[in-house]
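The following exercises are to be worked with the sequence and the model at hand. Each task is followed by a solution in steps.

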Amino acid sequence: ASARAEATIGWVIDLIQPDALVAPALAGRSGLSLAVEHERDGFVTPVASAGDLGERDVDVATFPASADGRWTVTVSQPSDAGTRGSIQGVVVFVVGGVITLLVFALVRSIGGARDRALAMVSEKTEELAKQALHDDLTGLPNRTLLIDRTERLLARQARYGDEVAVLFLDLDNFKGVNDTLGHGAGDAYLRAVGRRLQATVRETDTVGRLGGDEFVIVLEGVSPHDGAEVVAQKVLDVLGEPIEINAVSVPVSCSVGIASGPRESADALFHDADLAMYQAKLSGKGRYVVFESGMRDAVRDQLSMGWELREAVATGGLRVIFRPVFDLRTGSPTGLEACLRWQHPTRGLLSPSVFVPVAEEAGLVPLIGRWSIREVCAHGARWSAAGRDIRVAVKLADRHLADRGLVDTVFAALEGSGFRPDLLTLEVNERALTSGGEEVADLLRGLKALGVGIAVDDFGAGHTSMGYLRRLPIDAIKLDRALVAGLADSPETQALVRMLVAMGDELDVAILAEGVAQRAQLETALGRPLAALPDSDPASTLERL
């Protein structure tokens, strides 16, 4: 303690300005000065001084001011003046008081530092506790706090019967936002979603983030009026509005799983809500599903399909079939569109609507996409070798556009098969154009530089601006199947299709429709017959080539 006190002396002296404290000792006394000094390890440090003798002969007397002799007071006076001992005593007394004040200030400062340290520790403890229980990105409760609150609500439910429900939310296609707009935009996207969710529920409910793009809402005391399904629909409606990020309007969609009622633990309730959310994903996304006990078997079945699909990709269990595509400006077939199928050993031939959700959950979409491009190029090369140059289109999933090696993949498929680039068309989903930003535009330009065609798929299902069609290297627009299917019963749809065909003439962009099931409707809408096909099953005929 003594060593710390000595080390602090200089700091205390600077803090309380001792010159100002010593000066009153000489108040009203002229021809007198004094100096306070401290000695340590042979070094004398001036501490304070007061008075001014000017240029005169002086008498000097030094007095000890502390028992150890380290503190001294030196009194100076003119040689021709005599200072009474009482005056000297007063000076020494006052200086001694000053030294006492210095010691008191030192102790007080040390005590204040302790109080400040304790306050700092308390503040840091609260800060660390908040960090441990809240998500760094959104500030929402994290899994630890969500589990704790849910456990308390379950205990209250067992005691008083209050209903508890959990909504498990997973954002649809969030990876595409991160990959196309960057992680900074993805973080802003998640924060915006968190704010919307908080504004949707009651103050007694809890909105939290588990991590990634997964959120949880814990509902307390739900009733039929404000029950879990009502809240889930509100969430879907609120998140249905796009989020503006970096001047890009990004669509929002989520899948919601609901679980409620007594459980042995919060983890069990969360797990069942997660299973329901997974079922919502498989059912088409953008919807909510209430947990049922049979879902556990369904999820196990989907996980099993994921492993089987991975094996099918490796062993050739996937296949490509083709169907004709018509140019509505001329009514003539322009080529074929590739459609993926999975020949399952026990379930038969499965369509993409069945296995693509499984592929997305298993992370197999990029792998399947690369296989599809190679397979389509191989088919086209065989047809060309047989003397039939047929334009073939293949769809690119949203996740393909985040693959930085996509241009290299297409180039390698063309080079490896010998298929002409001008006979290959890559179809991009309309949604990817509106949310992909400049990165998607650069990717499309890179693909176009290979000599391939670029088409917008499912046009009419979203909100594509005409500006995209002028700015991007688009060769064709393929109408959404739902739009074509409505031709039979909707004069408005027929008028819209005719308008799109006229737009294609103005922009020199082909307007396409797939399949032959709506042939009569298309002829009615266009006011002219479509060109004849080689036979009643053109896809089979061309595939045999």
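A residue counts as buried when its relative accessible area is under 20%. The model is a predicted one.

**Exercise 1.** Determine whether Arg209 is buried or exposed, and identify what Arg209 pairs with.

*Solution.* Step 1: the relative accessibility of Arg209 is 10%, so this residue counts as buried. Step 2: Arg209 forms a salt bridge with Asp135, with 2.9 Å between the closest N and O atoms. Step 3: Asp135 is in the loop between helix H3 (85-133) and H4, whereas Arg209 belongs to strand S6; the pair therefore ties together parts 74 residues apart in sequence. Step 4: Asp135 has a relative accessible area of 15% and is buried too.

**Exercise 2.** Describe the sheet that contains S6, and state which strands stand at its edges.

*Solution.* Step 1: five strands, in the order S6-S7-S5-S10-S11, make up an open sheet with mixed pairing. Step 2: strand S6 (206-211) and strand S11 (288-290) each have a single partner strand, so one side of each lacks a neighbour in the sheet. Step 3: on average, neighbouring strands are turned by 20 degrees against each other, direction ignored. Step 4: S6 and strand S7 (residues 214-220) run antiparallel and are joined by five bridges. Step 5: helix H4 (residues 143-160) lies across strand S5 (164-171), S6 and S7, at about 135 degrees to S6. Step 6: helix H7 (residues 228-238) also packs on the sheet, where it touches S5, S7, strand S10 (254-260) and S11.

**Exercise 3.** Which residues are linked with Lys281 in a network of salt bridges?

*Solution.* Step 1: the network consists of Asp170, Asp172 and Lys281. Step 2: between Lys281 and Asp172 the closest N and O atoms are 2.7 Å apart. Step 3: Lys281 is in helix H8 (residues 266-282) and Asp172 in the loop between S5 and helix H5 (174-181), so that distant parts of the chain, 109 residues apart, are linked. Step 4: Lys281 is buried, at 8% relative accessible area, and Asp172 counts as buried at 4% relative accessibility.

Notes
Residues are numbered from 1 along each chain as its sequence is written. This is a predicted model: local features need pLDDT of at least 70, side-chain atom pairs count only at pLDDT 80 or more; totals for chains, interfaces and linings use all residues. Side-chain values use heavy atoms; hydrogens and water are left out. Two strands pair if DSSP finds at least two bridges between them. Helices (H or I, at least four residues) and strands (E, at least two) are DSSP runs, numbered from the N terminus. Axes are lines fitted to C-alpha atoms, for helices over the stretch in contact, and angles run from 0 to 180 degrees between N-to-C directions. Contact means heavy atoms within 4.5 Å. A salt bridge is a side-chain nitrogen of Lys or Arg within 4 Å of a carboxyl oxygen of Asp or Glu. Buried means under 20% relative accessible area, exposed over 50%, partly exposed in between (1.4 Å probe, protein chains only).
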